[in-house]
Amino acid sequence: MADKSKPVSGTNTPSAQDSIKDWSNRRHIAALILARGGSKGIPLKNIKLLAGVPLIGWVLRAAVDSDLFDSVWVSTDHDEIEKVAKAWGAQVHRRSLEVSQDSSSSLDTMQEFVRQRPEVDVICHIQATSPCLHPRHLREALQMILDQGYDSVFSVVRRHQFRWEEVKQAGRCSKPLNIDPSKRPRRQDWDGELCENGSFYINTRELIEKGVPQMGKVTYYEMPPEYSVDIDVDIDWPVAEQRVVRYGYFGKEELEVVNLLFCSVSGCLTDGQLYISLSGEEMVSINSRDMMGIHMLQKDGVEVILISSKEDPVSKTLADKLAGHAGCKVMHGVEQRQAVVERLMKERGLVWKKVAYLGTDILDVSCLNLAGLSAAPGDAPAEALNAAKYNCRSPAGRGAVREFTEHILLLKKKAKSKMDQDRIDRMSF
């Protein structure tokens with residue numbers, strides 16, 4: 001589907017990036033995401049994992065990667081949200097108790113923010129519940145303020161829905177609000193209506209201070225419906241995950257098809273426990289779904305290498321048996337993970353963006369940071385979870401490998417679909 005966003009164009013108009021860069025020399029532009037700890041519907045919804053990423057992480061990645069903002073902030077009253085916000089590159093505005101109540105409005109919080117940040121001239125309020133936001137949406141909307149002098153720009157989506165008056169008294173008849181029932185238009189003959197999609201609101205400082213956002217010289221920025229996902233309003237979690245996998249923003253680099261997965265044995269493939277029988281035999285527990293996940297990758301052309309360290313409770317003999325069962329290579333006693341992984345990559349002529357890594361410990365952090373795709377089980381230490389690009393819901397030895405496998409295969413499918421579309425587009429000219 002074609003992108004129907006409203007960019008500003010013109011033969012002599014500089015790019016959005018250049019305009020914003022020049023303008024920001026005179027004015028401080030801040031992104032602000034409001035993320036209160038209390039949630040009536042889903043506890044700590046703002047950091048609940050959506051397709052392996054904390055919900056707030058999707059919009060923070062878009063804001064940071066847009067390279068538009070002099071500062072990116074999360075306003076919160078909760079310690080865990082603060083940790084996640086910092087891990088995703090944001091500064092934290094610790095909001096006061098007065099603006100952290102159920103009755104507190106977004107405007108109350110933004111007014112407190114601007115009072116404490118006198119350097120800020122323009123505030124882009126981004127909603128954490130809009131995970132399909134892309135950097136280009138922010139660039140194009142902000143350029144409307146820069147080049148056309150608007151005081152306020154907010155995002156909308158076009159809806160084709162016929163509205164009727166609500167009837168609260170028995171016996172009364174409803175009336176149409178936006179159609180003539182005797183002349184119901186076809187969808188293609190009706191432009192529809194523009195509705196706020198809640199993705200972002202950009203306002204000058206003056207409007208926020210006066211308590212009148214969306215006033216002055218105001219306009220809208222139209223986003224296509226596929227990117228207008230609002231979890232607060234009209235979509236549930238499983239549907240949102242399907243949408244974000246297809247339309248979400250995954251980072252500056254193009255999606256790559258990985259050729260190799262490194263998987264830590266203890267704490268990923270197993271639960272890290274070593275079971276000893278009465279006769280003294282050592283045993284470990286392996287999830288059959290995880291083994292099937294490894295076979296799925298191998299069938300799709302992805303090589304899998306298992307890694308264990310000297311301190312792992314899984315002995316070399318057991319690790320070899322695991323590798324034999326999975327049909328893949330095992331590297332035992334590996335302490336310097338990055339050096340060994342890079343040697344194996346060099347042997348195969350691979351770079352980091354072609355490599356996936358599943359790890360769970362301090363030893364894995366550097367590889368988790370460098371790999372094109374990386375993940376940690378849901379019960380991994382915070383250091384590994386913060387370094388990983390994907391956080392599994394499943395714990396170690398209980399489906400984490402299978403979950404990451406499915407994520408890899410989904411992204412491979414998404415990358416292949418994009419390459420096919422690019423090929424079709426090129427053939428059209």
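Modeller: A residue counts as buried when its relative accessible area is under 20%, as exposed when that area is over 50%, and as partly exposed in between, with a 1.4 Å probe and protein chains only as cover. The structure above is a predicted model, in which local features need pLDDT of at least 70 and side-chain atom pairs count only at pLDDT 80 or more, whereas totals for chains, interfaces and linings use all residues. Residues are numbered from 1 along each chain as its sequence is written, and side-chain values use heavy atoms, with hydrogens and water left out.

Colleague: How many helices and strands are there in the chain?

Modeller: Helices (DSSP runs of H or I, at least four residues) and strands (runs of E, at least two) are numbered from the N terminus, and the chain has 13 helices and 17 strands. Of its 429 residues, 49% count as buried.

Colleague: Let me apply the terms to one residue: is Ile 123 buried or exposed?

Modeller: Ile 123 has its place in strand β6, and it counts as buried because its relative accessibility is 2%.

Colleague: Which residues is Ile 123 in contact with, leaving aside its neighbours within four places in sequence?

Modeller: A contact means heavy atoms within 4.5 Å. By that reading, and with those close neighbours left aside, Ile 123 touches Ala 30, Leu 32, Val 114, Tyr 201, Ile 202, Asn 203, Thr 204, Arg 205 and Ile 208. The C-alpha atom of Ile 123 also lies 6.1 Å from that of Ile 29, although 94 residues separate the two along the chain. For the chain as a whole, 69% of the contacts with a separation of 6 or more are between residues 24 or more positions apart.

Colleague: How should I read the pairing of strands, and how many bridges join β6 to β8?

Modeller: Two strands pair if DSSP finds at least two bridges between them. Strands β6 and β8 (residues 193–204) run antiparallel and are joined by 5 bridges, with Cys 124 having Ile 202 as its bridge partner in β8. Strand β8 is also joined to β7 (residues 152–159), again antiparallel, by 7 bridges, and here Ser 152 has Asn 203 as its partner in β8.

Colleague: What is the order of strands in the open sheet of 6 strands?

Modeller: That sheet has parallel pairing and the order β14-β13-β10-β15-β16-β17. Its edge strands, each of which pairs on one side only, are β14 (329–331) and β17. At one end of that order, β13 (residues 303–307) and β14 pair in the parallel sense over 3 bridges, and Ile 307 has Met 331 as its bridge partner in β14.

Colleague: Now for charged residues: how many salt bridges does the structure hold?

Modeller: Side chains of opposite charge can pair when their charged atoms come close. A salt bridge is a side-chain nitrogen of Lys or Arg within 4 Å of a carboxyl oxygen of Asp or Glu, and the structure holds 15 of them. In one of these, Asp 79 and Arg 94 have their closest N and O atoms 2.7 Å apart. Asp 79 lies in helix α3 (residues 79–87) and Arg 94 in strand β5 (residues 91–94), so this pair ties together parts that are 15 residues apart in sequence. Asp 79 is partly exposed at 48%, as is Arg 94 at 37%.

Colleague: Where in the chain do Glu 241 and Arg 393 lie?

Modeller: Glu 241 and Arg 393 form a salt bridge with closest N and O atoms 3.0 Å apart. They link distant parts of the chain, 152 residues apart, with Glu 241 in helix α7 (residues 237–247) and Arg 393 in the loop between β17 (390–391) and α13 (400–427). Glu 241 counts as buried, because its relative accessibility is 18%.

Colleague: How many disulfides does the structure hold?

Modeller: A disulfide is a pair of cysteine sulfur atoms within 2.5 Å, and the structure holds 0. As for individual cysteines, Cys 173 counts as exposed at 60%, whereas Cys 367 is buried at 0%.
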